[in-house]
Amino acid sequence: MRETIVKLDKISKYYGSFAAVDELDLAVNRGEIVGIIGHNGAGKTTTLKMMVGLIAPTSGSLTVMGQDIQKNGLKIKKYLGYLPEENPLYENMTAQEYLGFFADIYGMPRKKASERGEALLDSLKLEAGKKLIGEMSKGMKRKVSIARTLIHDPELLILDEPNTGLDPLTSFFIIDYLKRLPQEGKTIILSAHNLFHVEYICNRIAILKRGKLMVFDTMDNLRKSLGRREFEIVFKSEFNLDYPRKDGNYSVKTSNIEEMANLLRKISDNDWALVDLAITQSALEDIYLDIMSDEKV
Ligand code: ATP
């Protein structure tokens with residue numbers, strides 16, 4: 001069995017009488033990429049901030065690598081890389097200086113820090129190591145922040161909307177980059193609004209709605225339990241048949257696998273020509289919209 005690296009047990013965060021996070025149970029295993037999604041104000045940032053010890057839960061228990069993050073935060077911090085929603089950058093430093101500054105805070109030897117900084121900037125394709133951060137574009141700044149999150153080679157990454165403000169190509173580059181990090185033994189918990197990216201990168205997905213956990217599972221299981229699957233069979237026949245027509249062919253859509261099998265048998269028995277067979281499955285977006293739309297968010 002894989003080691004649980006982050007465990008939330010009935011975690012709540014109240015602001016006055018308002019529950020920003022409401023009795024949240026979540027267990028993340030080493031090597032996983034877990035995505036937390038939800039509407040604006042669902043409680044994603046609050047949850048991530050509690051995981052890194054920046055906000056204390058009102059109730060419940062939260063452990064990171066088996067330790068209470070509120071009590072033993074300092075011990076855990078060197079294993080943890082946190083990327084906040086906003087880039088907390090020093091505008092008058094270059095990326096290299098900025099990474100060196102953080103490497104110093106983590107007590108990394110200068111040579112090792114400089115090599116790792118170079119390698120990170122290189123792998124993030126940030127060719128502006130000598131440019132002042134204040135002169136960088138939004139996407140370049142986000143990359144510097146991501147490099148800073150990784151400089152001390154942490155085991156656990158908590159990333160709040162890592163690809164916010166990035167153009168589609170850079171955004172996908174970052175997602176692809178993050179997807180490879182578990183090969184180096186890293187665990188990632190991230191929040192994001194781009195559901196296509198979440199579906200692509202995450203082993204398990206948690207959907208939050210008004211502070212409550214609605215589902216937490218793999219995409220396959222979410223599809224099985226909440227998704228829809230539809231088959232479309234397109235065929236040709238010289239006979240006038242009682243099936244819907246499309247572009248000179250017959251086209252039958254069904255979500256019933258037996259109905260599909262029966263029609264395929266009929267097509268074969270009658271020597272009709274099968275033109276196309278397509279299967280459409282619910283994407284994360286469909287499942288998310290179903291969960292969000294059952295009542296007003
Ligand atoms: P977004 O997608 O917009 O970033 P989110 O899911 O990250 O949203 P949070 O930032 O966790 O949402 O906020 C959850 C709720 O808690 C919101 O209603 C927010 O207004 C409220 N909240 C957050 N911080 C505070 C605070 N310091 N005081 C009062 N309410 C707060």
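In this predicted model, helix α1 gives the most to the shell around the ligand, contributing three residues. Two elements give two or more residues to that shell: α1, which spans 44–51, and strand β2, which spans 18–29.

The ligand is surrounded by 14 residues. Among the closest are Asn40 and Gly41, and the closest group also takes in Lys44, Thr45 and Thr46. By residue class, the shell divides into seven polar, four nonpolar and three charged residues.

Oxygen atoms of the ligand pair with N or O atoms of the protein at the distances below.

| Residue | Protein atom | Distance to a ligand oxygen atom |
|---|---|---|
| Ala42 | backbone N or O atom | 3.0 Å |
| Glu85 | side-chain N or O atom | 3.1 Å |
| His193 | polar side-chain atom | 3.0 Å |

How much of the ligand does the protein bury? Taken alone, the ligand exposes 640 Å², and the protein buries 62% of that area.

As for the chain as a whole, the domain assignment divides the protein into domain 1, covering 4–219, and domain 2, covering 229–281. The C-alpha centres of domain 1 and domain 2 are 47 Å apart.

Notes: Residues numbered from 1 in each chain as written. Predicted model: local features only at pLDDT ≥ 70, side-chain atom pairs only at ≥ 80, totals over all residues. Heavy atoms only, no water. Domains from an automatic or database assignment. Near = heavy atom within 4 Å. Polar contact = N/O pair within 3.5 Å; in protein donor to acceptor, adjacent residues only side chain to side chain. Areas by Shrake-Rupley, 256 points an atom, 1.4 Å probe, with all protein chains shown as cover. Helix = DSSP H or I, 4+ residues; strand = E, 2+ residues; numbered from the N terminus. Nonpolar A, V, L, I, M, F, W, Y, C, P; charged D, E, K, R; others polar.
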